[in-house]
Structures are given as C-alpha cells and as structure tokens.
Amino acid sequence: MMNFIDIGWQLYLILFSLLVGLPAMIGFILYRLDPRWLKPLLWSVPACASLFLWSAWWLTRNSVEIGDNSMLLQAGFYQATVTDLSLPQSVIDVIPKDELGQYRPDVAINGINLPDYQVGWYLLANGKMAFVMLIGNPAEITLVSTPSTTALVGGNIHQRDLVAAQ
C-alpha cells in the first residue's frame, strides 16, 4: 500500500474558510444582532473545528493498493477498483502531465476539482468516464486502462511501488 500525503495548502485553506471562518463570521453577526446567541455560538466553535479536522484527515486518506490482477484506488471520499489488469487489452502507461491529450480530465461528474486536488469520476477529453486521482502537482501521470475502467493516477506508480517495497 502506498500513501500520498502531498496535498497543497490551498485545499486546507478552502476547508478552513468554509468550515470555521464562515460560521465564525455568521456567528459574530448573529451575536451583534442579539447577545442571546452567545451560548449556542460558543458550542458551535468546537463543533466546527472538529468538522474541519475530520475533513482534513479524511482528505489525506489517499492510497493505491496493487494486487495480483487488480488495483484499489482511494482518494478521500472516493474509491475505485480497477480489475482485469492481466488482460491483453489492458494498458498501464506513464505519460508526462503536459501530454495527456485525449486523457485530460475535462468535467468533474462526481468529484472534487480544486487546485492540486482532482479526485473522483471525471469525463475525459475523449468523452470516456475515468477515475481521476491527481493530488499535488505531479510531472507524470499513470494511465491505467482496462476494458471496463480507465483511471489516471498522479505520479509513476511503478517507481512509487519500488520505493514502497524497499
């Protein structure tokens, strides 16, 4: 199993702003309008902070597990299993990020599309649906294509697998 922990600071800033900063601003406005809001607002501070910490922890749970004939991809809230890797039609190829061409993720159908964090199910430039796991700013992308599933994983999974095995 390989873990990817290189999530950019922008994602944490967005999460903190939405889960802690925005409720704090709304709470301050409510308190200024009516001081009776103070007690519920004080209880909401640890709840919002806990929600932020839980969300940040969940988003860093990114892994690639390679089995005999399958690959399990987990990226935050999303996961996919690529099976039939040993079939002759299956392709595992490493492509430079700027040469993705028809495999470039275009539209997030069921996924998260943030700077340095693209995960979930995307519609590619060629019109196919694919599971995308691009975390950080990798120079290379591993394309895994089987008759049933297409996946894009940030980095060279062959090199990461060798590093993880040592």
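Here is a short chat about the aromatic rings in this predicted model.

Biologist: How many aromatic pairs does a search of the whole structure find?
Modeller: Since the model is predicted, local features need pLDDT of at least 70, side-chain atom pairs count only at pLDDT 80 or more, and totals for chains, interfaces and linings use all residues. Residues are numbered from 1 along each chain as its sequence is written, and side-chain values use heavy atoms, leaving out hydrogens and water. Rings of Phe, Tyr and Trp (its six-membered ring) pair if their centres lie within 6.5 Å. Searching the whole structure that way, the number of aromatic pairs is six.

Biologist: Are the planes of Trp 54 and Trp 58 stacked or edge-to-face?
Modeller: Planes under 30 degrees apart count as stacked, over 60 as edge-to-face and the rest as tilted. Trp 54 and Trp 58 sit 5.8 Å apart, centre to centre, with 25 degrees between the planes, so the pair is stacked.

Biologist: What separates Trp 54 and Trp 58 in helix α2?
Modeller: Helices here are DSSP runs (H or I, at least four residues), numbered from the N terminus. The two are four residues apart in helix α2 (residues 38–59), so what separates them is about one helical turn.

Biologist: Is Phe 77 buried, partly exposed or exposed?
Modeller: Buried means under 20% relative accessible area, exposed over 50%, and partly exposed in between (1.4 Å probe, protein chains only). Phe 77 has a relative accessible area of 45%, so it counts as partly exposed.
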